[in-house]
Structures are given as structure tokens and as C-alpha cells.
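Hi everyone, thanks for coming. I'd like to walk you through a model that is up on the screen, so please have a look before I start.

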Amino acid sequence: MQKITREQLIAKASELLSNGTVSQVLGWGKGEFDYDVTPTLFSSAEELENGFVFNDFCGANFSKYLVSKAAKADGKLLVFLKPCDTYSFNQLLTEHRFDREKVYAVGIPCEGMADISKVKAISGDGIASINADGDNLVVTTLYEDAPITIATKDVLAERCINCKSKKHVAYDELMGEEGEVLASNRFDEVARLEAMTADERFAFWQNELSRCIRCNACRDACPACTCEKCVFDNPNSGVENKSPANEFEEKLFHIIRAYHVAGRCTDCGECSRVCPQNIPLHLLNRKFIKDINEFYGEYQAGEEVDSRAPLVNYTTEDLEPGEVFDRGDNNA
Amino acid sequence: MRKCSLEKINEIFAAIAKNAALYLPVDRTDGSAAYKKWEEGTVWSNALNTVRSPKDFFFPQTEDLMRFKTKGKTVQLEDIRTEAEAFVVFGVRACDVKSFDILDRVFLTEPADSFYANRRNHGVIVSLACTRPVETCFCKTFGIDPSAPAGDISAWKTESDIFFEANTEKGKALLHTLSELTEECDDGAVAEQKAKINAVMEKLPLKDLSTKGFGGGKTAELFDAPEWDELSSACLGCGTCTFVCPTCQCYDIKDFNTGNGVIRFRCWDSCMYSDFTKMAHGNNRLTQKERFRQRFMHKLVYYPENNDGLFSCVGCGRCLAKCPISMNIVKVMKKIGGNKGE
Amino acid sequence: MQRVGVFVCWCGSNIAGTVDVKAVAEALKNEPGVVFSTDYQYMCSQAGQDMIINAVKEHNLTGIVVCSCSPRMHEATFRKTAAAAGLNPYMVEIANIREQCSWVHKDMALGTEKAIILGKAAVAKVNLNAPLTPGQSPVTKRALVIGGGIAGIQTALDIADAGFEVDIVEKKPTIGGKMAQLDKTFPTLDCAACILTPKMVDVAQNDKIRIFSYSEVAEVKGFVGNFDVTIKKNARYVKEDICTGCGACVEKCPMKKNPNEFNLGMDNRPAIYIPFAQAVPKVATIDPNACNMLKNGKCGVCARICTAGAIDYTQKDEYIEEKYGAIVVATGFNPISMDKFDEFAYNQSKDVITSLEFERLTNAAGPTAGHLERPSDGRSPKTIVFVQCVGSRCDACAEKGKEYCSKICCMYTAKHAMLVRDKYPETEVYVFYIDVRTPGKNFDEFYRRAVEEYGVKYVKGMVGKVVPEGDKLKVQASDLLANKQLHIDADLVVLAAAIEPDKSARPLATMLTASMDTNDFFTEAHPKLRPVESPTAGVFLSGACQGPKDIPETVSQASAAAAKVIGLLAKDKLTGNPCIAHSDELMCNGCSSCANVCPYGAITYEDKEFRMPDRTTKVRRVASVNPAVCQGCGACTVACPSGAMDLKGFANLQIMAEVDAICK
Amino acid sequence: MQVNEYKPLIVAFCCNWCSYAGADLAGNNRLAYPADVKIIRVPCSCRVNPTFILRAFQRGADGVIICGCHPGDCHYTSGNYYTRRRMAALFSMLDFLGIEKERTRLEWVSAAEGAKFAATMNDFVQTVASLGENKRLEDLRCKK
């Protein structure tokens, strides 16, 4: 269960609306089911009361919406930011993608968000309701007579299991207690793949990427992918394409997608969350992050505004690409 | 009606696969299901829904149409059409089967799409009555009976047996090849199964969703509805809903220069994309709101207007499950049209 | 669609010997856009160029592909040809079928096949070329010469002679450089000071020339015609404009025991000093590491003695900013350190010296007033061994020394040997050499005089070891011609140390963005045809900073560099390189990635109003490239995630078209 | 020694100031290397976009080599330092996807290193030849 409640958030938002600090609120809107929420703009306490939700399924990272929504808002836009969202927030500021003056950021604590597919794997599908009860989720389904109790920690989203930070790196106001940067195991899976032979890795990715339907959800949800026009949509870019016609194009898209955000990706995990085919796209991003950390020193995108991303930086002593493979941790 | 014990299901599959490529839903490691080509040892999934719909077998995501070659300063066209392989898609749910009615009207109306027709002619659909409808299901809204799926052969599964009934010549021919593995039976068990499913249908949260207020002739009324702004506000403009949808049939035709010639191919397109139907003068839908509206107006108004009232949604629920921001046709229908205030 | 003409050059047999040029021309006829294709013996000749001009007119060509030598050779030539034919010069692409094809591949079939592919790539690229117009920028009519040795002096004098202002920056207290330390010069044996010092005086008296001595270049910004240079004038604690150079302070300074750099540490100088009598500017300098006043605040003798009141202990380093149109590098050379050459006992015996030290020993103004005396005991040496190629022509893998020939050693050693035998005929002089290299006017004659008239004993072979023993130096060497080992008891051993670029050259090159070779010599824009220009526009090379040189060569290169500078400064406006970056503001995100990687600071941002699809307007931050500052490297194009940034002349689509053509 | 019938296709991106000049010098000195190497001139190694490299593989290249000025010698001061980081990241990612790491290479070749250029190309061609055809990053449409 989240430490902060829907009611507290509504109260805060209503207060900021009524005292004129903000004119609109970007929050989670109630969906059809207890687990589906839609990023929604609210303009009044009444709208909030009717439609605002906050629960264990509010994973969506709102930072990216600021690029389009902040500019349009009349006054300031209130945005609720979970710790991981604040990194994206800073990264977007670093890249001048929205006007900080147009945004009022309220940092909120996060206990980790649940993954509905993991819930369904335990409860079975046909969800009728989900309610938080302490550290558990109580699920009723169309098929089971008795409610099913599931420990929330057992159904956390992958990115939350490996949460990198409970600390907010940006906010105007903080609700609840500030957390800390965590020592996560987020690179373990990358390391596991690195330890495989090249053939095994090739087979792994071949299998994963072959499922891609090029819906662009990973790109369109990514807070780092805010290009006015994506190279893949631009007929003059030379790489434009709309569908994965074959294995090459599957790889091309995902290599370039990850490459374009390398050094800018905050590892928020939205790409993998939204993938309809459950491709572990975050592993590609994490590979770049892990490499950058190892080659050029620890770097967390979005930790500080105006930090210089590693791929637009250098030192004269950087390692050579050939040396990347001489480090002995690669048995391919 | 013929039946067969589920214990012999692999023999059925083997028999079908002898003469045609057999595709059926298989569980994936990530908890979802996908159609896969059957081979010895393949385990048929109990899953209700595959992420990708069986539309893909008849209207694949990419398909080469023709090839050009330039030799010196002349251009040669190469017809690369071939006879499709014979194939069987097994275990298609009622909603997905219904999608072929919608696709057929687009692709088989003269001038028929020969690529689609080719696959349609060589493919046999073995449907399967729903066993476990879930919260995202709303096929009833579009008049689909999940317990009585259409298809070349309809099938029902009970605890112990599987039942078949052929509906078309193609279906009869296929069922005939299975006659040694199946036996004639009455429809008692099937009727029982149907009742069971229909009982679940009554419990579904979306059971009361209606198409009231939509359909042909509603363009003027709905086009400028103020709700579109709010509904489309969070839309990311990705193509997930389109690409998992069994009835979306828009495609783009593109040329790929291989260096040795040009392949003209088509690939799925999405009305959610900013370059959808971009023409020489530019885009005709400039904002995400317009594109978002297009998708739902097409499914709920334009298509029925041109197709005897047939809606181009089958209520399979894939877009409900997969939209990154959980915006979908149900929310649109509830906000606009005859479901207001419900 | 372009109308492309293809012109395949035979380059005599250089190309045609390995590449079937007719087949290349024939094959390219069928490429998209090609409307004319031919071959000719020498495309770069006037007849060849006329052929292009005629074809352009006759076939209404819009693009030209020349399959010939490297574009680094003749791209400019053919661009001019295109211009003469009325085409935009940037509608020309070169397929390099000589250096990168016919010269490196022996097989006719393979060579021809590759030449066709390279031609196709060039055609594919030219099909996407667009006419480019270079931007123009003004020229600051002042030159900077870095280094005040003979190279810098000559360059500055020549530039000033043409009427342009020149500043010389010299890090030492005086100009003059290495030449000021020399005794006689080969092959004429005239005295170095006699010919150098008048030039130094000319510099001092020329009102177009300013000398910043005891100064360094601290920062260079800008580009050809418009350099902004910061010069750091080190505090010398003496007011330059007041000091008369009388030398009273030097005489009275109590801190006398400091190694005299000018005499290579073979004698001492006071803390306040004037390097030598003819120094320019003739101004005293206080060595802050030696001066008791500066170190401990005690003394002040010089200030008391100076009647002019020139001493200023509070002087600080001063930074001067100045604009220049051209920069000449004349940073010169130094002998390499002998620390790694213990076999010659340089650090073990005072009587093992380098040739430059030998120059000071024989110089009338040197520590011995020109008497040849052993540094150890002041005795006249009876046997002198000269060792050639110490650190020159070393194996590439050797950790010490240089791979290259230092070029000047053979001649100055012959000079030294000859001078010794002339002044002290009783002295035995040996010269050990690998080869004697004497190309140059009157050089070989000079060397033969040393052998034939002066009886210098030239021995082909290397000295293996020098061991100090008693007051002798035991020299072990091999005589390769006689095939025997030699043991010589020498009194003095003179090492012809290899020369290397001055250590200040490397950081300077970085500031100037001028390229260097692995030995830290500056790279010329073309080794034969543009020997005094750096590849960086507006930066010119004078003297040994570009490679080992003797005085006549240095002076001629210095004058050549001056001529190039004068040619540049004579222009009122410069025409830039049009192959520069350009940002498509409709696609630009304003993310600053490009500005982060731009080495020239050429990218700035502005907030611009854009009409949005929904007919509203939105203010967005977008990049714009300063065409006068951009040098066209393309770093920004890759940093840009949206592909808004592209490079004219090397556009994404052009390079991809080349890739496609090569790979198909 | 193994006689290799298979001829790999190598695309070499060479910076105009150092490596392209180095290749010219190899030519001047008649230092042979296989004709399989096709050079594309770019102003600086930092002009090489990863998409160019992927494009080359797509179109049928078996190996791609990028050559630039030695670190510290870049005509544009810092271009090759960016190249070094970009290529380190890209090559590592290709390896992560199981694509043979020997198919891509970054080398520093100065204008004075004609011999190094030829030696590098000889070595790279041999390395790629021993790997055989590029199968893991190929686009079959382009191979017909």
C-alpha cells in the first residue's frame, strides 16, 4: 500500500488549485477497472473528487506530458512525481524540454507499483476488483468465490523490484518523507546476459525482439524520446520505417532507440512497462547505463539538472572501443 | 456434430498438420499467449486471448507486393505473388472470428485484395467457444455470442472432450479428414457448455455497454463532441491499440530500395500516427485529437454507415489490456453516445 | 533528378595500368542520373578540364563525377573547372581510383570492379548534392608569430615588410632562438651572430612588429581571419619600457650561482640577467626562483642600483587579448634529453657533451670565450670523438630516441670537426657515423673538405660504449668498413643528439586545433604542395616545428609562410567552407546535445515561435549554427537525436547513398 | 595457411584529415591491401553516425571500420574523442545482442601512417574473412 493516500493528494491538489498556485493538475484518472488508470488533467476540486485515483497501479511517469501540457496550461501545472519520475523531470529540464516556471512539482513517496499481469498470474484473470489492504492486495475475480489476498511485494513491477532511488531529485514541495538512493541490483540481469556466450545472447535477443510489432509504445511512452520528429517517422532521415519487416529492422529500431537515449535514459522503465509484447526493452537501456558507468564513471541521468551526458562528453584518457572487450568479464 | 476426447487432441493436431500448416495459441513464458505453428510436442494453450489477433495470418504486418528492377534505364516489374500455403488457424474465439466479417468487407469487396483473398482461400478457421470470458470482454455489445463462434469449423471444449461442427465446405472437408479421430455425437454437452459461458457473461462488468447512439448517420452529432478533447488528452499516439486490434485494417504502401531493385510492400499503419494518410499537401489530421477521434469514429460510425450497420469492433478487449495509458473504446463509448450517464 | 557527367581519368598509366578505365566509364553510364560518361588520359590537364567544361555545356550537366586521384589532390581543381563551366563548384564529387584503388591493388579485374563501385558511390552522392555557397567573413589584418627564433624573425620581417602588423610571442626573455647560440654556420662558416643579430635589430626597430618576449600564448579562439588570442606576458619584474639594458643590476646582483640557460648550464648567471649581449629586447629579467628579494623579501640590490627605476618586484603576469587574421607557428626544436643514453656516459662525465654545448664551447661569447677546453678540467682535448645519430634513426620499437633523421647533424658535425682541426691541428678528430647525408648546395663539398683537407677521421660504425677512466674517456666502437672493433682514448666526446619539437608545441597545437604527427611535429596541409600551411585554416608553419631543418631551409620556409600570410591578410574578406552544419528548426528539440560537442562554440539557441498543427503557436528553443565559426566536423550531427542537425556536403542521406552504392 | 575463397565486403569510414590521407599515403607508397575495402570519406570520424554502420551491415557489409586521427590529433580538436565514446558504446551493444564484435573496429591512423593503414586493412579483412558472411545483422532483401 502506498504511504500517501488518494485523499491527501486530492487535498493538496485542491489547496493548490484554490490558492491559485496552479491552474491544472496532472494526475491519475479513474479507469474502468481498479487497476487501469489514465493520466488526466483536473481543473477543480470537484473533478478531482470524481475522477482522481491513487493506488498501487499508478506507475505511469508523467514527466513526458510536461513537454506538451505545461506549455498549454494557462497558469502553472501541478504534477505529482514519484521519486523515479523526478529523474526524468530533471533530464527533460536539462534538455530544455519544458518551462520549469510553468510547473509546480509535488514529490510524493512511492512504495513500488504493482504489475497487473503478475497479479493475474496469481489470481487468475477475470478481475472483478482489487483493493489495497495494508501490505496486501485483495483481489476478487469472476471465477473465484472467495477474495484472493496477494502480498503487494510479490507483484511489484520489475522496475520497482530494482528501484534505484526513493529520493526525489526535484520538487517544489515534498509530501511525506524523503527517501534515499538505493543500492539496487538492477544490472544483474544485464550481467547475466553478458556472461552468456555471444550465440546465447543472439538467441535470447532474437527471440525477444522477434515479438516486436513496432507499435512504438516504448518510444512514445519514453520520457527521453521527446523529439519533435522521430528519425523513424522522418522519411528524410534515411532510417524511417514503420514496421519490422525482418530481423534486421527489429534490431535496427531497438538499437537506435536505445542508442538515442543512451546517457539520457534515467532507467524509469516505462519502455518495458508499456510493451504489449513484454519485451524486456529496459535491458538494452540498462546495458548502455552499465557500460557508461563502467567505462566513464558512475553517471545517473537526471540526478542533476545541466549535467553533461556521457556521450556528449569525453576525457582524453577514455578507453578504446577495443578495450571494452578486454576487461575479462565477457566470455563471448 | 462430432466429438473427440481431449486426450486425443494431439492426434487431431497431427492429422491436421499433415496436410496444412497448423497454427494455434501457445503459452509464452511471459504469461501471455501467441499463435505458433504446431509441431510435435507443442502444447495448446488454454488462454482466452492472444496478444496478436489471428488477423495476422490473413493480413500480415508486412507483405511484399511486387518488385521493380532497373536495368540500364529500363524498369522491369516482377510479380512476386505466389499461391499461399494451405493453413489452419485453430482455436479462434468468437470475437476474433467475427473480425473476419469486418475484414472481408474491406478486402474482398471488388476490387478484391488478391493478397488477402489468396490467404483467405487457403486458410481454414477452426473457432473455439469461449471458456473463460474476462473483465475486458464486451463482445456481446456487438451481438457476438461467445458460446457459438462462427468459422469454417466451430468447436467447443468441455472438461473432457472437444466438439466440432463444420459450417463451410472448407470446414467440412477438414473435418472429414478427422473422421477417424472423431465420432458423431449430439449437442447436449455443447448446450451445457454454452449455458455455462452465458452465465459468466452475465457477470461481466461491461455486459451493459451498448452501441446505442453510435452507428451510421451519427457523424454530425458526434464529430464535434466536446469530450474528444479530454478523451484524447493523454493519448501517446502509439499504435498499440491498432496493432493488437483484430479489425484494424489500414496499411501503408512503401518502397524499399534494396540496392538491386525496389520492393514495394505494405505494412500496417495506424490512424494514431502523425504521418497517417499523409499526402502531398500534408496531413489531413493534424492533431492527436483528430487522429484519436478518427479511430473511434471509424469503428463506431463510419464503418457501420458503409457496411449495413456492422460495427468494426468485436469487443475482444485487447486494446483495454494493452493501451499504455488505459484509454480505449469502452471509455469512449461511455463518454460519448448512448452510454452517457451510465 | 541530376544530370551527371562521369569523367574517368587514366592518370597516364597510374590508373589505367591497373584499372580498365574504359570499362569503368562504360559501367557508370547506366547509373541513375548519369547522362554522359567518358575517359581521358589526364583529366586535370587543361585539355581534360576543357573536356569537362564542354560536356557540361553540351549535355546540360548538373553534376560531375571525376574518377581520378585523391580528392585531397584535385578536388579543388575540378571544383574550379565546374565553376568555369557555370556549375556550382560543390556539384563535383571525386571517386578516388588512384591512391585507394589502382595504386594498392595489383589485379586488373579486382581494381576495375572496385573502381566501378567507387564511381557508383560518387554518382550516388552527387545525385544528392545541392549547390553550396560559402559564407564570407572579414579579415583582421594582423599576424601573430609564435616563436622568436630565426624562423619567427624571418617570417615577421617579411610580413612587416609587406605592410602588415606582426606580433612575435617568445617565451624566452630574448628573441634569437637556437641560432643565437650557434658559433659558425655551415657550409660557409660565417658566424651565426654576425648574420642573426642584425636581423634581431631589424625586428626591434620595425614599427610594424611588436615583440612579446618572456610571454606565451594562453588561449586561442576563433578561426581564420578572426583569431582571438590571449597572450600571457610573464612577470619579469623589470619594466620593459624603462630598462635601458645597461647591465649594472646584472653585475651587482649577489645571487650569482644560477645555471646559465643560454650556455646550457655550462656556466652561471645572476638572478637578474640579460641572456646575451645582443639580446632583443635588451632588457633584464629577474629569475623568480633565484631572486632572494622575490623569494624571501630580502636584498633589493638591483632596485637600488637601477638609476632608471625599472625594477618592479610587484609585477604580475599580464594577459593581453589581441585579434589576429593569421597565426604562424615557429616554435622550433630542442636536442632530446641524453638521460636515456647512459652508454655514452653523458651523465657520468662532464667531458661528454652534446653538439649544442660544443657550439657554446667554441663560441667567442661562450663560457670559455671560444677556447676549446674540456668542461671537467679546462685542458685542451687532444682526441675528440664525435658520435652521430644519437637518438636519431632509432628503431621504431626503441623506447629511446626518434625514428626520423634529424637532418642537421651530419653537417654541423663536419663543421665542428673542421673547426677543431683548423684551430687545433694537433687534435685527433674521429666522427662515427651510420651514413653521411649531405644533400644541399655545397654540402657534400663541405663534408669532403673536412675529410680531405682537414683530415677528420670518418669511421662508418656506431660507438658502442663510452667509459670514463681516469681523465680519459674510453670509447669502444666498431669500424664497419674495416670490420674491426676500435678502442679510442678520447678527451672529449661530442654527441649529435637528435632534435625534437619544443615541448610547448603540443599544447599549442591543441589550442590551435592544428594537427601533429606522432613525433609532435606539426602536420602540413600537404607534404609537397602546401608545406607551410597547417590543415587548420589560418595557421601556418615556419621552421623546425614542422620537421628538422637547417638554417637556409628554415629561412626559406619562414619566408614562404610569410608569403602565405601576406596572401591571406591582403584579402578584405574570406570565403568560408560551405560544408557546414545546419539545423532544421522544425525538427530541433533545443536539447543542447549539439552545443555540448561543438568544439568551436558555433551553436547558439534562440526561442522561436512556431505555428502548431492545431493553429496555435508555440515558442520553442531551437539551435542555430554560426556559419563563420562552424568548421564542418559533424560532431553535432551524431549527437542530435532527432536528426535535425545535418552537414552540408556530407549529409546523412549522401553518406547513406554512398554506403548503399558500395554495399550493393 | 588457409585459402579463403570468401571475399568479405568492408566499409571503411575515414576522416578526411588523417586516415583518408593515410590511405592516400598507402597508395603513394603502393602498399597493397585487399580490394574488398571501400573507403567513404567523412570530414571527421565523429561524423560517423551509428546508423551508417548499421546501414552498411544491412546493405551487405561484412565488416565496418572507422578510422580517425589519433586521440589528441583531431583536426577539430575533440571529434575523435566523441567517436571513441560513441563507438565503445555501440560496439558493446552490438556484442550484447550477440553480434560478432570482430565485425566492427575503430582505429587511429594518422596522415603519416600509410603503412599502418594498409596493415590495419589487411588485418581487418583477414579477421572478417575468418568470421565468414555477416549473418546476424543482415537484411536478406538486400542480398538478392
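Into which domains is chain A divided? Chain A falls into domain 1 (6–113 + 162–174), domain 2 (117–152) and domain 3 (188–326), with bounds that come from an automatic or database domain assignment.

Before we go on, a word on the ground rules. This is a predicted model, where local features need pLDDT of at least 70 and side-chain atom pairs count only at pLDDT 80 or more, while totals for chains, interfaces and linings use all residues. Residues are numbered from 1 along each chain as its sequence is written, and chains are lettered from A and ligands numbered from 1 in the order in which they are written.

On confidence, the predictor gives the complex an ipTM of 0.94 and a pTM of 0.78. For chain C, the mean pLDDT (the predictor's confidence in each residue, from 0 to 100) is 94, and 100% of the residues of chain C reach 70 or more.

Back to chain A, then. It has 12 helices and 8 strands; these are DSSP runs, H or I of at least four residues for helices and E of at least two for strands, numbered from the N terminus. The radius of gyration of chain A is 21 Å, close to the 20 Å that the globule rule gives for 332 residues, so chain A is as compact as a globular protein of that length. That radius is taken over C-alpha atoms, and the rule is 2.2 Å times the number of residues to the power 0.38. Along its principal axes, the C-alpha trace of chain A spans about 60 × 50 × 40 Å.

The C-alpha centres of domain 1 and domain 3 of chain A lie 27 Å apart. Their contact takes 16 residues from domain 1 of chain A and 16 residues from domain 3 of chain A, counting two residues as in contact if their C-beta atoms, placed from the backbone, lie within 7 Å. Which helix gives the largest share of the domain 1 side? That is helix α4 (residues 83–94) of chain A, with 8 residues. By type, the domain 1 side that touches domain 3 of chain A holds 6 nonpolar, 7 polar and 3 charged residues. Here Ala, Val, Leu, Ile, Met, Phe, Trp, Tyr, Cys and Pro count as nonpolar, Asp, Glu, Lys and Arg as charged, and the others, Gly among them, as polar.

Let's move to chain B. Chain B has 12 helices and 12 strands. Its radius of gyration is 22 Å, close to the 20 Å from the globule rule for 342 residues, so chain B is as compact as a globular protein of that length. The C-alpha trace of chain B spans about 65 × 65 × 40 Å along its principal axes.

Have a look at one sheet in chain B: 4 strands form an open, antiparallel sheet in the order β5-β4-β12-β11, where strands pair if DSSP finds at least two bridges between them. At the edges stand β5 (74–79) and β11 (251–257) of chain B, each with a single partner strand, so one side of each is left without a neighbour in the sheet. Strand β4 (residues 62–71) of chain B is joined to β5(B) by 6 bridges, and B:F68 has B:L77 as its bridge partner in β5(B).

Chain C brings a contrasting case. Its 4-stranded open sheet runs β2-β1-β3-β4, with parallel pairing. The edge strands are β2 (34–40) and β4 (92–96) of chain C, each pairing on one side only. Strand β3 (residues 63–68) of chain C pairs with β4(C) over 5 bridges, and C:V66 has C:I94 as its bridge partner in β4(C). Helix α3 (residues 46–59) of chain C packs on this sheet, touching β1 (4–9), β2 and β3 of chain C, and its direction makes about 160° with that of β2(C). Axes are lines fitted to C-alpha atoms, for helices over the stretch in contact, and angles run from 0 to 180 degrees between N-to-C directions.

Finally, the partner of chain C. How many residues of chain C are in contact with chain D? There are 45, against 45 residues of chain D. The largest share of the chain C side, 8 residues, comes from α19(C), and that side divides into 21 nonpolar, 15 polar and 9 charged residues. Thanks, and I'm happy to take questions.
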